[in-house]
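Please open the structure in your viewer and keep the selection tool at hand.

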Amino acid sequence: MIMLLITRRIVCLHLHCRNCNPHLRHFSSFFATTVNNPISISPAVPTPSTPTEDDDDAKLVKNVCTLLKEKPNLDSLKKLANRLTADHVIQVFLRSQMEAGYLLEFFTWVAQQKGFRHTVQSYCTMIHILCLARMFPQAQSLLEVIVSRKGCDSASSVFQVLMDTWIPHKNSPPAVYNMLMNTYIQAEMVPDAIQCFRLMRKHNCLISLQSCNVLIKSLLKSNFTSGAWEFYTEMIDNDVPPTVYTFNMIIHSLCKEGKVNEACRLFDEIGKRGLLPSVVTFNTLINGHCKKGNVGDAFDLLCVMREQKIRPDIVTYSALIHGLCKEGRLEEASKLFEDMKGLGLVPDGVIFTTLIDGHCKRGSIEDALKLHDEMLQRKIKLDVAAYNALIYGLCRFGELKEAKRFLYEMRRGGLEPDQVTYTILIDGFCKEGNLQKAFELQSEMVMKGIKLDKITYTALITGLTRQGRVGDADSTLHEMLKAGLVPDDATYTMVIHGHCGNGDLEMAFGLFNEMHHWGSAPSVITYNALINGLCKKGQMRKANMLLKTMIERGIVPDDITYNTLIHGHGKNENSELFQKLRDETGLVSDIAAYTSLMNDLARKPGSKRK
C-alpha cells in the first residue's frame, strides 16, 4: 500500500499533464500540486551503454548503488544529486540488487531534486522492475504518467522504448505491454490501444484476452459498434480467440441498435467456434427480439435454451413477459408469470410493474390491483413507475379518488411523484372538470422544481377550453412557449376553435399566424375552425379566400370544410334557394362539387351572388 501511495505521488506531481491531454480528463482527481519542482519527462534518448569502471559516470553510479545498499535516509544522497541524470538512474537500476519498492522510493526522491528530469527510458526501466516484482498497480500508474505526457499517436514510440529498456537477463513479463494497451484504453486513446495490439502481435507478445475485451467494451461504450466489429475481425484474423463474453458484448450492442438479425448471425458463430452461449447471451437476444416485436422468435430461443440445458432466469421471463404485454397478450403473460413462480423463481419489481402497466392500459384495473396487493405481501417495494401505471389506469376510468389514495401511499413509502405522476393526475382532474385541483398540482410541480412538459400544458389547455375559459387557455399556451415548448397543431387548434366560438376572429387568426412562425403546420381541422368562424360572422368572401389558401398550401379540404361553407352561404345569402340546391346535390365532398353548387346558385333567379 505504501508503494502504491508513493507511485500515486508521482502521478500527482504531473498537474500540467491534465491540460496537455484532453483524453485523460477522468484522471483529473489524481493530479495535484505538491512540490515546487514537478517531475517532467525529457524526450527519449538512446539507451546509454554501460560506462567503464574508471569512468566518472561509472564511479558515480557505483557510489549511489553502495549508498542505496545501506538503505540510508535518501536525503544523504543530496551531495550526489546535482550530478545525477536519468542515464545514471537507469544504470543504478540495472546494477542494483535492491528490492523494487526501495528503488521506487529512490525514483520518486530523485525526481524531486532540483534540475533533475526523468526520461521515458528511466520511466520504462522502472516499470519493468516493478512488473518483475509483480507490483502492477505501481507500474500502471507510471504508464499513466507517460501516456498523459506523450498524448495521442504515441503508442509506437512508447512501445519501442519499453522494448529497448527490456531487461533480458531478468526476463521481464509480457504483462507490461498489455498494461500499456489498457492504459491507452483508459485514456480513451483507442487508436493507440489498437496500435499496441498490432505491435504485440508483430513481436509475438502474449496478448491478454481481457485487454481485447476491455477495448471492445470501450468502443461499444462510445457507440462505435462498427469499430468494435472491425477489431473483433482483426482478433480473429490474428488467431486471438474471442470468448463468450466478447460475443455477449457485441450482441448486446447490436440488439440495442435494433440490429437483431446481425446479432443472430453472430450468435450462430458462437457454436462454430466451439463455445457454448451463456444465459446472458440468450437473454440479450430474447430481449432484442421482444423489443422488435418478434415474440415468436423469442420463444423459439427459449426452447433452444431448454434443449441446451440452460435454465432460464428471472431476466429471461422478464423480457418475454414484457414482449407479450407490449402486444396486449395479457393472458399469455399472466400464464408465463405463474409458470415462472411454479419453477421457484421469485418475480421482481420489474416484472410486477410490467404486468400492472399492461393491465392498466387494457383497463383490467382489478387484475392490476391484485398484483399490487401481491407485491405488498411479498414485501416488494413499488417504485414510481409502478405507482404511475396504477394512477394512470385509475384516472383513465375516472377513479380519481382511488388514484389520490395511491398518491398518498406512494408518499408514505418515501417516494415522491415525478413529472409523469403529476401529468397523469392533472390530465385526470382536467377531464373530470376539476381545474382547481389540476392547477394546485401544477403549482406544486413548479414549487418542487419539476418542469411541465408538452403533455402537461396540453392537458391544462384542453381543460380550460372545454370550460370556455379561452382567455386562460391562451395565456397557458403562451406560458408554454415561454418555457421553450412549441404547442402542436392540435393544441393551437383547440384555442383557435375556442376564440372562433367566442367570435374573436382577430385572436384566432393571430394564433393561426403564430403557428406558421413556430413551424407548427395547421391541419384541415384548424382551417375548418377558422372557416366556421368566418361563416358565422357572415364573412363569406374571406372564408372562400381561406379555402383557396388552404388548397394552395397542400391541405386537402374534407366534407366538413365544404358543407360548413355551404351552410354559411345559405345562412348569409338566399337560405331557401341554398337548401333546395343542397337537397338536390346531397353532401358536398370535393372542390368540383362545391364550385358547381356555387355556379348553380349564381344562375338562379333571386340569388344575391349575381
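Begin with the largest nonpolar core, which has 176 residues. A nonpolar core is a set of buried Ala, Val, Leu, Ile, Met, Phe, Trp, Tyr and Cys residues joined through side-chain atoms within 4.5 Å; buried means under 20% relative accessible area (1.4 Å probe, protein chains only). Select Phe-106, Met-181 and Phe-231, the residues with the most contacts inside this core. The model is predicted: local features need pLDDT of at least 70 and side-chain atom pairs pLDDT 80 or more, whereas totals for chains, interfaces and linings use all residues. Residues are numbered from 1 along each chain as its sequence is written, and side-chain values use heavy atoms, without hydrogens and water.

Remain at Phe-231. Leaving aside residues up to four places away in sequence, Phe-231 touches Met-181, Ile-194, Phe-197, Cys-212, Leu-215, Ile-216 and Leu-219, where contact means heavy atoms within 4.5 Å.

Next, select helix H9 (residues 155-164) and helix H10 (residues 175-186), which pack at an angle of about 155° with axes 11 Å apart. H9 is therefore roughly antiparallel to H10, a term for angles over 145 degrees. Where do H9 and H10 meet? Ala-155, Val-158, Phe-159, Leu-162 and Met-163 in H9 meet Val-176, Tyr-177, Leu-180 and Tyr-184 in H10. The residues of this contact comprise nine nonpolar, no polar and no charged.

Finally, select helix H5 (residues 86-95), in which seven of 10 residues are buried. They are Ala-86, His-88, Val-89, Ile-90, Gln-91, Val-92 and Phe-93. These buried residues pack against helix H3 (56-69), helix H6 (100-111), strand S2 (118-119) and helix H7 (120-132).

Key. Buried means under 20% relative accessible area, exposed over 50%, partly exposed in between (1.4 Å probe, protein chains only). Axes are lines fitted to C-alpha atoms, for helices over the stretch in contact, and angles run from 0 to 180 degrees between N-to-C directions. Helices (H or I, at least four residues) and strands (E, at least two) are DSSP runs, numbered from the N terminus. Angles under 35 degrees count as roughly parallel, over 145 as roughly antiparallel, 65 to 115 as roughly perpendicular and the rest as oblique. Ala, Val, Leu, Ile, Met, Phe, Trp, Tyr, Cys and Pro count as nonpolar, Asp, Glu, Lys and Arg as charged, and the others, Gly among them, as polar.
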